[in-house]
Amino acid sequence: VTRLASGRLILFWNRLYPEGQTSYQRRSGKYSEVAGSWHREELSVALSDNDGITWSTPRIVAREPKKWLSYSYAFEPQPGVIWLFSLGGNFAAQVREVDLLSAK
């Protein structure tokens, strides 16, 4: 979660399930005792105008089937311009806040 110059919050993350699905294989083992979602094939973004009380409908900004998009972060180098990065999957993109708002 990052606060933008506009005052909005932006959330950039991996959802539990792929878009349009209600389940995903859960795994445990070496890195987790309890089975959890390891879905990392999509990155979503959502905005909040009210400090996280409600969020816009999540929008997929990256999809890489059978790849690992993870360790994501957002940075706003200038008002309204957002850079999105994911270390896992080597993803980088630039989006405009106004374009994300049109998807609400």
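Of the 14 residues in the largest nonpolar core, the ones that touch the most other members are Ile 10, Phe 12, Leu 43, Ile 82, Leu 84, Phe 91 and Leu 100. A nonpolar core here is a set of buried Ala, Val, Leu, Ile, Met, Phe, Trp, Tyr and Cys residues joined through side-chain atoms within 4.5 Å. Buried means under 20% relative accessible area, exposed means over 50%, and partly exposed sits in between (1.4 Å probe, protein chains only). This is a predicted model, so local features need pLDDT of at least 70 and side-chain atom pairs count only at pLDDT 80 or more, while totals for chains, interfaces and linings use all residues. Residues are numbered from 1 along each chain as its sequence is written, and side-chain values use heavy atoms, with hydrogens and water left out.

- E5 hands over the largest share, three residues.
- As background, nonpolar side chains in soluble globular proteins tend to be buried together.
- Phe 91 touches Phe 12, Leu 43, Val 61, Ala 62, Leu 69, Leu 84, Phe 85 and Ser 86, leaving aside residues up to four places away in sequence. A contact means heavy atoms within 4.5 Å.

**The chain as a whole**

- You're looking at one helix and nine strands in the protein chain. Both kinds of element are DSSP runs numbered from the N terminus: helices are H or I with at least four residues, and strands are E with at least two.
- Starting at the N terminus, the order of elements is β-β-β-β-β-β-β-β-β-α.
- The C-alpha trace spans about 40 × 30 × 25 Å along its principal axes.
- Of the 104 residues in the protein chain, 33% are buried.
- Among contacts with a separation of 6 or more, 45% come from residues 24 or more positions apart.

**The four-stranded sheet**

- Four strands make an open sheet in the order E1-E2-E5-E6, with antiparallel pairing. Two strands pair if DSSP finds at least two bridges between them.
- Strand E1 (2-3) and strand E6 (59-63) stand at the edges with a single partner strand each, so one side of each has no neighbour in the sheet.
- E1 and E2 pair antiparallel over two bridges, and Arg 3 stands opposite Leu 9 in E2.
- The hairpin of E1 and E2 has five residues between the strands, and there Gly 7 takes a positive phi near 100°.
- E2 and E5 also run antiparallel, joined by five bridges. One to look up is Trp 13, whose bridge partner in E5 is Ser 44.

- Six bridges pair E8 with E9 in the antiparallel sense, and Ile 82 stands opposite Val 95 in E9.
- This hairpin has two residues between the strands, and Gly 89 in it takes a positive phi near 95°.
- Trp 83 lies in strand E8 and counts as partly exposed, because its relative accessibility is 33%.
- Trp 83 touches Tyr 73, Ala 74, Phe 75, Pro 77, Ala 93 and Gln 94, again not counting residues up to four places away in sequence.
- Trp 83 and Ser 23 are 60 residues apart in sequence and 30 Å apart in space, C-alpha to C-alpha.

**Loop residues with positive phi**

- Asp 51 isn't a glycine, yet has a positive phi of about 55°. Asp 51 is in the loop between E5 and E6 and counts as exposed, at 55% relative accessibility.
- Lys 66 is another residue other than glycine with a positive phi, near 65°. Lys 66 sits in the loop between E6 and strand E7 (70-78), and its 81% relative accessibility makes it count as exposed.
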